[in-house]
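This report describes the arrangement of one protein model and the ligand that accompanies it.

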Amino acid sequence: MASTLVGKQAVVIGAGMGGLTAAGALADFFDQVVVLERDTLPSEPAHRAGTPQARHVHALLLSGQRALSELFAGFEQDLARAGAVPLRVGLDVRMERPGYDPFPQRDLGWFSYAVSRPTIECAVRRRVESRANITLRQHCRVEKLLASPNGETVSDVRYENDNGASETIATDLVVDASGSGALTLDLLQSIGRPLPEETTIGIDLGYATCVFAIPDDAPTDWKGVMTFGQAPHNSRGGLMLPLEGNRWMATIGGRHGDVPSGDAEGFLTYAQALRTPTIYNAICHAERLGGVARYGFRESVRRHFERLDEFPRGLLPIADAICRFNPIYGQGMSVAAQEACLLQTLLGRLAGDNNPIAALAPTFFAEVQTLIETPWAVATFDFVFPETRGQRPADFETALKFGIALTRLAAEDPAVHKLTAEVQNLLRPRSAYRDPTLVQRVIAIMAES
Ligand SMILES: Cc1cc2nc3c(=O)[nH]c(=O)nc-3n(C[C@H](O)[C@H](O)[C@H](O)COP(=O)(O)OP(=O)(O)OC[C@H]3O[C@@H](n4cnc5c(N)ncnc54)[C@H](O)[C@@H]3O)c2cc1C
């Protein structure tokens with residue numbers, strides 16, 4: 001325990017990736033951290049109702065892996081012990097993009113881990129459970145956040161307990177990691193404060209996922225495959241990654257109505273119509289383990305809490321409650337873990353102040369923008385599809401041409417390939433692409449084409 005405490009008790013709403021990582025960050029700065037989760041929390045990796053997305057491929061980016069190891073030293077070994085499959089970044093996942101089938105496969109020098117979302121979450125949960133001052137309370141559905149009469153401070157959390165009875169818990173800080181952030185918005189409304197402005201990008205994504213036993217005659221030149229459609233005419237894509245237990249998880253999907261059906265036959269038919277046959281050829285004779293899971297994702301949402309003039313003391317929304325990213329880029333868990341690291345850093349910095357909790361939310365909202373900027377900028381490429389709803393950036397055409405030329409350069413030059421992998425894995429900001437020498441080289445390619 002650190003010697004500088006910020007408060008007696010913190011309450012975290014939700015034991016998903018945002019809530020668990022936030023609890024890990026808070027534990028050094030509060031006497032007690034209580035996590036309230038509406039679901040039953042399984043002792044082994046298993047699906048649960050509150051995180052339906054966990055039935056689909058969940059890629060953990062290198063930034064997320066590092067952030068989790070920063071919060072929980074040795075976390076990568078936890079994943080390895082849980083059966084996660086090590087992947088050499090740049091080499092083991094066959095990337096199929098129009099014009100590059102496949103994109104050059106090179107070992108870029110890092111390992112990432114492919115593993116199911118329930119196993120990642122279970123590994124984080126075990127770390128959190130091992131902290132003496134964190135309590136995980138399952139079957140506790142938070143109903144309302146309660147503020148002081150003048151609305152300036154959030155003081156209590158009301159929840160429905162195991163027996164269906166209402167209970168109230170007093171707290172110095174509430175972290176809303178419920179995914180939806182609805183409780184934060186309800187609180188703002190109840191005290192007559194404005195809601196944050198939202199930027200949305202409407203993509204109407206439809207996902208379907210199946211798990212297969214990896215057959216003995218599986219291809220040996222890749223461990224996973226990512227297939228992109230030919231935008232803007234074809235939005236269909238697929239990602240198949242290995243999982244613990246010698247399995248593949250294949251997620252396929254498209255946009256604006258061109259989405260897979262929920263039956264096994266429809267799944268294979270859709271897979272067969274992907275731009276390349278790689279995924280279909282791999283799974284068509286493989287043993288399917290379980291049914292088809294589906295998920296609809298309407299829009300990416302960024303809530304601009306940083307633009308609010310005032311915000312109640314003692315409340316902090318985090319992870320998806322602030323920003324929900326298009327899942328195809330695999331960013332949400334990694335950004336959640338990075339945000340928990342930021343929370344830990346800020347608490348350390350503010351701990352000596354007179355009123356650290358008052359300064360926490362405004363400082364967090366200001367500084368988290370740097371974390372969100374790069375993954376959100378990736379999502380704006382969704383405007384390549386004309387049906388995408390939202391404010392298309394004014395320089396979109398130029399950004400798109402720049403991206404296409406940069407991809408060509410990355411295919412030719414391993415150093416540029418490595419740089420793009422660093423940005424995609426959120427290890428470096430997108431501003432790395434503004435390097436003058438790189439810009440000159442990209443512009444030369446744009447001019448050629
Ligand atoms: C289809 C799909 C695929 C995805 N793929 C990836 C991927 O490949 N890689 C990646 O990094 N991210 C991916 N994501 C995003 C990732 O799942 C989220 O960004 C991440 O889980 C965010 O964590 P969170 O804590 O905000 O929300 P969640 O992890 O969803 O957790 C919210 C928790 O709050 C609980 N809760 C909600 N309301 C209450 C309440 N009132 N009281 C108590 N508990 C409550 C819920 O039960 C749940 O446990 C994907 C998302 C989707 C939809």
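## Contacts with the ligand

An N or O atom in the side chain of R117 lies 2.7 Å from an oxygen atom of the ligand. Taken alone, the ligand exposes 1000 Å², of which the protein buries 95%. The model is a predicted one.

The side chain of Q53 places a polar atom 3.0 Å from an oxygen atom of the ligand. In V57 it is a polar backbone atom that takes part, at 3.3 Å from an oxygen atom of the ligand.

## The shell around the ligand

The ligand has 34 residues around it, and those that come nearest are G18, E37, A59, R117 and D320.

## The three-stranded sheet

Strand β7 also belongs to an open sheet of three strands, whose order is β7-β8-β9 and whose pairing is antiparallel. The edge strands, β7 (141-147) and β9 (166-170), each pair on one side only. From one strand to the next, the twist averages 25°.

Strand β8 (residues 154-160) is joined to β9 by five bridges, and the two run antiparallel. Within this pair, V157 stands opposite I169 of β9. Helix α5 (residues 182-190) packs on the sheet and touches β7 and β8; the direction of α5 makes about 30° with that of β7.

## The seven-stranded sheet

A second open sheet consists of seven strands in the order β4-β12-β13-β14-β11-β15-β17, with mixed pairing. Why is one side of β4 and of β17 left without a neighbour in the sheet? Strands β4 (93-96) and β17 (323-324) stand at the edges, and each has a single partner strand, so one side of each remains without a neighbour.

The partner of β4 is considered next. Four bridges join β4 to strand β12 (residues 224-227), and these strands run parallel.

Helix α6 (residues 264-272) lies across β11 (197-213) and β14 (247-255), and runs at about 75° to β14. Helix α9 (residues 356-379) lies across β11, β15 (293-304) and β17, and runs at about 130° to β15.

How values were computed. Residues numbered from 1 in each chain as written. Predicted model: local features only at pLDDT ≥ 70, side-chain atom pairs only at ≥ 80, totals over all residues. Heavy atoms only, no water. Pairing = 2+ DSSP bridges. Axes fitted to C-alpha atoms, helices over the stretch in contact; angles between N-to-C directions. Contact = heavy atoms within 4.5 Å. Near = heavy atom within 4 Å. Polar contact = N/O pair within 3.5 Å; in protein donor to acceptor, adjacent residues only side chain to side chain. Areas by Shrake-Rupley, 256 points an atom, 1.4 Å probe, with all protein chains shown as cover.
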